[in-house]
Amino acid sequence: MKEILKSLVEGKISIEKCETLLKAESIRQLDEVAQIDTSRKDRTGFPEAILADSKDYEDLLAIIKRFLEKAESNGSIELKNNIIITRLSKERYELLEKDLDYLFEKGIKFDYNKRAKILIIYKDALVNFNPEYGKIGLLTAGTSDIPIAEEAKVIVEQGGCEVISSYDIGVAGIHRLFPQIAYMVEEDVCAFIVCAGMEGALPSVVAGLVDVPVIAVPTSVGYGIGADGKAALYSMLQSCAPGLSVVNIDNGFGAGVCALTIAKNIAKRVESSKE
(Lines give C-alpha, C1' and ligand atoms only; values in the text may rest on other atoms or scores of the structure.)
Protein backbone atom coordinates (compact mmCIF):
# COMPACT_ATOMS: atom_id res chain seq x y z
CA MET A 1 0.00 0.00 0.00
CA LYS A 2 2.86 2.39 0.84
CA GLU A 3 4.49 1.71 -2.53
CA ILE A 4 1.21 2.46 -4.32
CA LEU A 5 0.74 5.75 -2.46
CA LYS A 6 4.38 6.67 -3.03
CA SER A 7 3.93 6.16 -6.77
CA LEU A 8 0.90 8.44 -6.66
CA VAL A 9 2.77 11.21 -4.82
CA GLU A 10 5.68 10.97 -7.23
CA GLY A 11 3.30 11.29 -10.17
CA LYS A 12 4.09 7.84 -11.60
CA ILE A 13 0.44 6.76 -11.57
CA SER A 14 -2.91 8.54 -11.82
CA ILE A 15 -5.51 8.80 -9.06
CA GLU A 16 -7.68 6.37 -10.98
CA LYS A 17 -4.83 3.85 -11.25
CA CYS A 18 -4.06 4.29 -7.56
CA GLU A 19 -7.68 3.55 -6.65
CA THR A 20 -7.65 0.40 -8.80
CA LEU A 21 -4.43 -0.87 -7.24
CA LEU A 22 -5.63 -0.20 -3.69
CA LYS A 23 -8.83 -2.12 -4.34
CA ALA A 24 -6.82 -5.02 -5.72
CA GLU A 25 -4.56 -4.95 -2.67
CA SER A 26 -7.50 -5.11 -0.26
CA ILE A 27 -8.96 -8.29 -1.79
CA ARG A 28 -6.43 -11.08 -2.18
CA GLN A 29 -7.43 -14.00 -4.38
CA LEU A 30 -6.02 -17.40 -3.47
CA ASP A 31 -5.76 -19.78 -6.40
CA GLU A 32 -9.41 -19.29 -7.44
CA VAL A 33 -10.37 -20.85 -4.08
CA ALA A 34 -11.09 -17.78 -1.95
CA GLN A 35 -10.86 -14.03 -1.88
CA ILE A 36 -9.37 -12.78 1.38
CA ASP A 37 -10.34 -9.32 2.61
CA THR A 38 -7.00 -8.12 3.99
CA SER A 39 -8.29 -4.66 4.92
CA ARG A 40 -11.29 -5.77 6.96
CA LYS A 41 -9.65 -4.95 10.30
CA ASP A 42 -8.81 -1.43 9.11
CA ARG A 43 -12.47 -0.87 8.16
CA THR A 44 -14.34 -2.77 10.85
CA GLY A 45 -11.90 -3.22 13.72
CA PHE A 46 -11.87 -7.03 13.46
CA PRO A 47 -9.87 -9.17 11.00
CA GLU A 48 -11.45 -11.63 8.62
CA ALA A 49 -11.96 -15.14 9.99
CA ILE A 50 -11.90 -18.36 7.98
CA LEU A 51 -15.05 -20.48 8.24
CA ALA A 52 -13.90 -24.10 8.04
CA ASP A 53 -17.25 -25.86 8.29
CA SER A 54 -18.31 -25.80 4.64
CA LYS A 55 -14.88 -25.93 2.98
CA ASP A 56 -13.10 -28.92 1.51
CA TYR A 57 -10.10 -29.77 3.65
CA GLU A 58 -7.62 -29.24 0.81
CA ASP A 59 -9.07 -25.78 0.12
CA LEU A 60 -8.89 -24.88 3.81
CA LEU A 61 -5.26 -26.01 3.98
CA ALA A 62 -4.39 -24.01 0.85
CA ILE A 63 -5.96 -20.83 2.25
CA ILE A 64 -4.02 -21.09 5.51
CA LYS A 65 -0.74 -21.83 3.73
CA ARG A 66 -1.14 -18.80 1.44
CA PHE A 67 -1.94 -16.59 4.40
CA LEU A 68 1.33 -17.67 6.00
CA GLU A 69 3.33 -17.43 2.77
CA LYS A 70 2.31 -13.78 2.41
CA ALA A 71 3.53 -13.17 5.97
CA GLU A 72 6.90 -14.83 5.39
CA SER A 73 10.08 -12.92 4.63
CA ASN A 74 13.66 -14.20 4.73
CA GLY A 75 12.56 -17.44 6.33
CA SER A 76 10.72 -15.73 9.18
CA ILE A 77 6.94 -15.39 9.53
CA GLU A 78 5.57 -12.13 10.93
CA LEU A 79 1.83 -12.19 11.49
CA LYS A 80 0.16 -8.78 11.54
CA ASN A 81 -2.99 -10.41 12.93
CA ASN A 82 -3.67 -13.81 14.40
CA ILE A 83 -5.32 -16.22 11.96
CA ILE A 84 -8.79 -17.21 13.18
CA ILE A 85 -10.41 -20.41 11.90
CA THR A 86 -13.98 -21.01 13.06
CA ARG A 87 -16.26 -24.09 13.13
CA LEU A 88 -13.26 -26.40 12.88
CA SER A 89 -13.90 -29.99 13.96
CA LYS A 90 -11.42 -31.80 16.19
CA GLU A 91 -10.68 -34.25 13.37
CA ARG A 92 -9.81 -31.47 10.95
CA TYR A 93 -7.74 -29.70 13.57
CA GLU A 94 -5.65 -32.83 14.06
CA LEU A 95 -5.08 -33.03 10.30
CA LEU A 96 -4.03 -29.37 10.16
CA GLU A 97 -1.69 -29.82 13.11
CA LYS A 98 0.01 -32.67 11.26
CA ASP A 99 0.14 -30.98 7.84
CA LEU A 100 1.39 -27.66 9.27
CA ASP A 101 3.80 -29.00 11.88
CA TYR A 102 6.72 -27.38 10.03
CA LEU A 103 5.44 -24.01 11.25
CA PHE A 104 6.37 -24.75 14.84
CA GLU A 105 10.07 -24.39 13.95
CA LYS A 106 9.29 -20.89 12.69
CA GLY A 107 7.79 -19.87 16.03
CA ILE A 108 4.16 -20.25 14.97
CA LYS A 109 1.81 -21.60 17.64
CA PHE A 110 -1.66 -23.19 17.59
CA ASP A 111 -4.38 -22.74 20.18
CA TYR A 112 -7.45 -24.90 19.63
CA ASN A 113 -10.58 -24.41 21.74
CA LYS A 114 -12.39 -27.72 21.33
CA ARG A 115 -15.66 -26.43 22.79
CA ALA A 116 -15.74 -23.34 20.58
CA LYS A 117 -14.24 -25.28 17.64
CA ILE A 118 -11.95 -22.34 16.92
CA LEU A 119 -8.28 -22.50 16.03
CA ILE A 120 -6.06 -19.48 16.56
CA ILE A 121 -2.75 -19.47 14.69
CA TYR A 122 -0.43 -16.92 16.27
CA LYS A 123 3.19 -16.06 16.88
CA ASP A 124 3.80 -13.49 19.61
CA ALA A 125 0.67 -13.45 21.76
CA LEU A 126 -2.58 -15.39 21.86
CA VAL A 127 -4.48 -12.36 23.16
CA ASN A 128 -3.61 -8.70 23.72
CA PHE A 129 -6.16 -7.13 26.04
CA ASN A 130 -6.70 -3.40 25.66
CA PRO A 131 -7.71 -1.97 29.06
CA GLU A 132 -9.48 0.89 27.27
CA TYR A 133 -12.08 -1.52 25.86
CA GLY A 134 -13.69 -2.39 29.18
CA LYS A 135 -15.31 -5.78 29.74
CA ILE A 136 -18.07 -7.96 28.29
CA GLY A 137 -20.39 -10.13 30.40
CA LEU A 138 -21.13 -13.60 29.05
CA LEU A 139 -23.94 -15.84 30.35
CA THR A 140 -25.49 -19.15 29.36
CA ALA A 141 -28.77 -20.66 30.44
CA GLY A 142 -27.43 -24.23 30.47
CA THR A 143 -24.29 -26.25 29.93
CA SER A 144 -25.47 -27.22 26.44
CA ASP A 145 -25.12 -23.56 25.43
CA ILE A 146 -21.44 -23.40 26.41
CA PRO A 147 -19.93 -24.22 22.96
CA ILE A 148 -21.68 -21.21 21.38
CA ALA A 149 -20.74 -19.01 24.35
CA GLU A 150 -17.11 -20.12 24.04
CA GLU A 151 -17.16 -19.15 20.37
CA ALA A 152 -18.29 -15.66 21.35
CA LYS A 153 -15.70 -15.49 24.12
CA VAL A 154 -12.79 -16.38 21.86
CA ILE A 155 -13.87 -13.79 19.30
CA VAL A 156 -14.22 -11.02 21.90
CA GLU A 157 -10.84 -11.85 23.39
CA GLN A 158 -9.19 -11.91 19.97
CA GLY A 159 -10.49 -8.37 19.55
CA GLY A 160 -8.66 -7.33 22.69
CA CYS A 161 -11.57 -7.17 25.14
CA GLU A 162 -11.79 -9.01 28.46
CA VAL A 163 -14.72 -11.37 29.11
CA ILE A 164 -16.36 -12.23 32.43
CA SER A 165 -18.32 -15.44 32.02
CA SER A 166 -20.78 -17.47 34.07
CA TYR A 167 -22.44 -20.61 32.75
CA ASP A 168 -25.52 -22.69 33.60
CA ILE A 169 -27.58 -20.01 35.33
CA GLY A 170 -30.87 -20.26 33.43
CA VAL A 171 -34.41 -19.56 34.56
CA ALA A 172 -34.89 -23.12 35.84
CA GLY A 173 -32.70 -22.06 38.77
CA ILE A 174 -33.04 -18.31 38.52
CA HIS A 175 -31.65 -17.70 42.02
CA ARG A 176 -28.21 -18.45 40.54
CA LEU A 177 -28.52 -15.53 38.12
CA PHE A 178 -28.72 -12.52 40.40
CA PRO A 179 -25.32 -12.77 42.16
CA GLN A 180 -23.60 -13.16 38.78
CA ILE A 181 -25.45 -10.19 37.29
CA ALA A 182 -24.57 -8.09 40.34
CA TYR A 183 -20.90 -9.00 40.05
CA MET A 184 -20.75 -8.17 36.35
CA VAL A 185 -22.52 -4.84 36.90
CA GLU A 186 -19.98 -4.03 39.62
CA GLU A 187 -17.23 -4.84 37.12
CA ASP A 188 -18.85 -2.26 34.82
CA VAL A 189 -19.35 -4.50 31.79
CA CYS A 190 -20.39 -2.48 28.74
CA ALA A 191 -22.56 -5.23 27.20
CA PHE A 192 -23.88 -8.72 27.86
CA ILE A 193 -23.96 -11.74 25.59
CA VAL A 194 -26.61 -14.22 26.71
CA CYS A 195 -26.88 -17.68 25.12
CA ALA A 196 -29.98 -19.81 25.65
CA GLY A 197 -31.86 -22.67 24.03
CA MET A 198 -35.23 -24.29 24.85
CA GLU A 199 -37.68 -21.39 25.36
CA GLY A 200 -34.86 -18.81 25.30
CA ALA A 201 -36.12 -16.81 28.29
CA LEU A 202 -32.82 -15.85 29.91
CA PRO A 203 -31.87 -12.88 27.65
CA SER A 204 -35.23 -11.21 28.33
CA VAL A 205 -34.72 -11.57 32.08
CA VAL A 206 -31.21 -10.11 31.87
CA ALA A 207 -32.34 -7.22 29.66
CA GLY A 208 -34.94 -6.35 32.29
CA LEU A 209 -32.23 -6.06 34.97
CA VAL A 210 -29.40 -4.07 33.37
CA ASP A 211 -28.91 -0.72 31.64
CA VAL A 212 -26.40 -1.82 28.98
CA PRO A 213 -26.98 -3.58 25.62
CA VAL A 214 -27.87 -7.27 25.79
CA ILE A 215 -27.09 -9.48 22.79
CA ALA A 216 -29.23 -12.62 22.73
CA VAL A 217 -27.96 -15.80 21.09
CA PRO A 218 -30.51 -18.59 20.52
CA THR A 219 -28.89 -22.02 20.53
CA SER A 220 -30.00 -25.17 18.76
CA VAL A 221 -30.22 -27.36 21.86
CA GLY A 222 -34.01 -27.57 22.13
CA TYR A 223 -36.17 -30.53 21.20
CA GLY A 224 -39.79 -31.12 20.22
CA ILE A 225 -41.42 -27.82 19.27
CA GLY A 226 -38.20 -26.05 20.22
CA ALA A 227 -36.02 -28.12 17.91
CA ASP A 228 -33.06 -26.45 16.17
CA GLY A 229 -33.34 -23.33 18.32
CA LYS A 230 -36.33 -21.89 16.51
CA ALA A 231 -38.51 -21.53 19.62
CA ALA A 232 -35.68 -19.72 21.41
CA LEU A 233 -35.19 -17.42 18.41
CA TYR A 234 -38.89 -16.55 18.19
CA SER A 235 -39.06 -15.95 21.93
CA MET A 236 -36.09 -13.58 21.84
CA LEU A 237 -37.42 -11.70 18.81
CA GLN A 238 -40.79 -11.35 20.54
CA SER A 239 -39.31 -10.16 23.84
CA CYS A 240 -40.83 -7.08 25.45
CA ALA A 241 -37.61 -6.36 27.36
CA PRO A 242 -35.98 -3.16 26.05
CA GLY A 243 -32.37 -3.06 24.96
CA LEU A 244 -32.34 -6.61 23.61
CA SER A 245 -30.72 -7.42 20.25
CA VAL A 246 -30.87 -10.88 18.69
CA VAL A 247 -28.42 -12.67 16.40
CA ASN A 248 -29.10 -15.81 14.40
CA ILE A 249 -29.25 -19.32 15.85
CA ASP A 250 -25.84 -20.50 17.15
CA ASN A 251 -24.17 -17.29 15.94
CA GLY A 252 -21.65 -16.88 18.73
CA PHE A 253 -19.23 -15.32 16.27
CA GLY A 254 -21.67 -12.56 15.31
CA ALA A 255 -22.55 -11.88 18.94
CA GLY A 256 -18.87 -11.60 19.81
CA VAL A 257 -18.14 -9.12 17.04
CA CYS A 258 -21.23 -7.08 17.96
CA ALA A 259 -20.21 -6.87 21.63
CA LEU A 260 -16.66 -6.00 20.64
CA THR A 261 -17.90 -3.20 18.39
CA ILE A 262 -19.87 -1.74 21.31
CA ALA A 263 -16.84 -1.89 23.59
CA LYS A 264 -14.52 -0.30 21.04
CA ASN A 265 -16.89 2.53 20.20
CA ILE A 266 -17.36 3.36 23.89
CA ALA A 267 -13.59 3.46 24.30
CA LYS A 268 -13.27 5.67 21.22
CA ARG A 269 -15.81 8.18 22.55
CA VAL A 270 -14.16 8.26 25.97
CA GLU A 271 -10.80 8.93 24.36
CA SER A 272 -12.29 11.71 22.21
CA SER A 273 -13.85 13.37 25.24
CA LYS A 274 -10.44 13.49 26.94
CA GLU A 275 -9.04 15.40 23.99
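Buried residues are those under 20% relative accessible area, exposed residues those over 50%, and partly exposed residues those in between (1.4 Å probe, protein chains only). By that scale V194 is buried, with a relative accessible area of 0%. The model is predicted: local features need pLDDT of at least 70, side-chain atom pairs count only at pLDDT 80 or more, and totals for chains, interfaces and linings use all residues. Residues are numbered from 1 along each chain as its sequence is written, and side-chain values use heavy atoms, with hydrogens and water left out.

V194 belongs to strand β11 (residues 191-196); helices (H or I, at least four residues) and strands (E, at least two) are DSSP runs, numbered from the N terminus. Its C-alpha atom is separated by 7.9 Å from that of A149, a residue 45 places away along the chain. A149 is one of the buried residues of α6, which also include I146, I148, V154, I155 and V156. Since 11 of the 13 residues of α6 are buried, the helix is largely enclosed by the rest of the structure.

The expected span of a helix is 1.5 Å times one less than its number of residues. For α6 (residues 146-158) this gives 18 Å, and the end C-alpha atoms are 18 Å apart, which agrees. Just after α6, G160 has a positive phi of about 95°.

**Salt bridges**

A salt bridge is a side-chain nitrogen of Lys or Arg within 4 Å of a carboxyl oxygen of Asp or Glu. The whole structure holds 6 salt bridges, among them the following.

| Pair | N to O distance |
|---|---|
| R87 and E151 | 2.7 Å |
| R115 and E150 | 3.8 Å |
| K135 and E187 | 2.4 Å |

R87, in the loop between β6 (83-86) and α5 (90-99), and E151, in helix α6, are 64 residues apart, so this pair links distant parts of the chain. R87 is partly exposed at 30% relative accessibility, while E151 is buried at 2%.

E150 also lies in helix α6, and its partner R115 is in the loop between β7 (109-113) and β8 (118-122), so the pair ties together parts 35 residues apart in sequence. E150 is buried at 7% relative accessibility, and R115 is partly exposed at 43%.

K135 lies in strand β9 (residues 135-140) and E187 in the loop between α7 and β11; the pair therefore ties together parts 52 residues apart in sequence. E187 is partly exposed at 27% relative accessibility.

**Backbone at two aspartates**

Most residues other than glycine have a negative phi. D168 has a positive phi of about 65° although it is not a glycine. This residue is in the loop between β10 (162-166) and α7 (177-186) and is partly exposed at 30% relative accessibility. D250 likewise has a positive phi of about 65°; the residue sits in the loop between β13 (244-246) and α10 (252-274) and is buried at 17% relative accessibility.

**Surface patch**

Patches are made of residues with over 30% relative accessible area and no salt bridge, nonpolar side chains (Val, Leu, Ile, Met, Phe, Trp, Tyr) being joined within 5 Å and like charges within 9 Å. Accessible areas come from the Shrake-Rupley method with a 1.4 Å probe, and for residues only the protein chains shown count as cover. V171, I174, F178 and L209 make a nonpolar surface patch of about 300 Å². V171 lies in the loop between β10 and α7 and is partly exposed, with a relative accessible area of 31%.
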